[in-house]
Amino acid sequence: CPCVPTKGAMMDNRFATALVIACVLSLISTIYMAASIGTDFWYEYHTLSPAENVSEAGRSIWEEFVSKDADEKTYTDALFRCNGTVGLWRRCITVPKNSHWYSPPETDMTTNCISFSLSDQFVEKYIEPGNHNSGTDLNRTYLWRLQFLLPFVSIGLMCFGALIGLCACACRSLYPAIATGVLHFLAGLCTLGLVGCYVAGIELLHRKLPLPEDVRGEFGWSFCLACVSAPLQFMAAALFIWAARTNRKEFTLLKAYRVA
């Protein structure tokens, strides 16, 4: 960076404090986003008797669930019946250990998960889930793709902003902090868009496949981490931009006073 530190450009305690707080908020929001992407509790289904449900259908439920050919309706029905959880990258169900059609229901449960492949993230969603002849549901298709792409764009923007911030520290100047603030603001918009896309996608799915009477669905703690991350990014962006602009304005006034 071609920044040359001067005595007049040195920041006072207000700006230093604002930058420290902004950096802490940025770090926390990055950790929250990474944790939410890597965990499987964006949405959770709770059914009254998962063990009995699995025992009635034998091993076919989780065999179809983990099958590469499982369509949206197949694995969604399994999620309903077996206390399923859904993340951005994986889906999980809770089933009895070593359950067979000839054995009684077990109380010892285990969680089986399968990852969405990259092709699954971009696969078309159908107007009637599971019916390939019903036509493409464009709304759900693009919502699903955006909820996969937006978190990575958000983290990428924050990482790029961190690099600019390191450049600002090396140059002993607050001017590059404006770019860092703008990038964090854009990252916050991406995170907010991610949350909105996920909520809309879940609501549209449940209109196509309504929850059974004995099943309750709710957003999980992974989703909550993403919700908390967005305002943290906005607050960090506001502090970065405020510190840079105010410091620059005061330096300009000081320089004009010295010239006068």
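**A tour of the cavity and the cores**

Start with helix 7, which gives the most residues to the lining of the largest cavity, five in number. The model on screen is predicted.

Select E72, W144, G201, I202 and L205 next: of the 16 residues that line the largest cavity, these lie nearest its centre. The space inside comes to about 200 Å³. To see which elements surround it, colour helix 4 (72-81), helix 6 (138-171) and helix 7 (177-208); each gives two or more residues to the lining. Colouring the lining by class shows ten nonpolar, three polar and three charged residues. The count of cavities of 30 Å³ or more in the model is two.

Now move to the largest nonpolar core, which has 38 residues. Select M33, W42, Y45, F65, L79, I93 and Y198, the residues with the most contacts inside this core. At least two core residues come from each of helix 1 (13-38), strand 1 (43-47), helix 3 (60-65), helix 4, strand 3 (90-96), helix 6, helix 7 and helix 8 (221-259). Helix 7 again leads, giving nine residues to this core.

Centre the view on L79. Which residues is L79 in contact with, leaving aside its neighbours within four places in sequence? Show Y45, F65 and I93, then G84, T85, V86, R91 and C92; L79 is in contact with each of them.

Key. Residues numbered from 1 in each chain as written. Predicted model: local features only at pLDDT ≥ 70, side-chain atom pairs only at ≥ 80, totals over all residues. Heavy atoms only, no water. 1 Å grid on protein atoms, 1.4 Å probe; cavity = no way out; pocket = protein on both sides within 12 Å on 5 of 7 lines; lining within 4 Å. Points joined across faces, edges and corners; volume = space filled by probe spheres on them. Helix = DSSP H or I, 4+ residues; strand = E, 2+ residues; numbered from the N terminus. Nonpolar A, V, L, I, M, F, W, Y, C, P; charged D, E, K, R; others polar. Core = buried A, V, L, I, M, F, W, Y, C linked by side-chain atoms within 4.5 Å. Buried < 20%, exposed > 50% of the residue type's maximum accessible area, 1.4 Å probe, protein only. Contact = heavy atoms within 4.5 Å.
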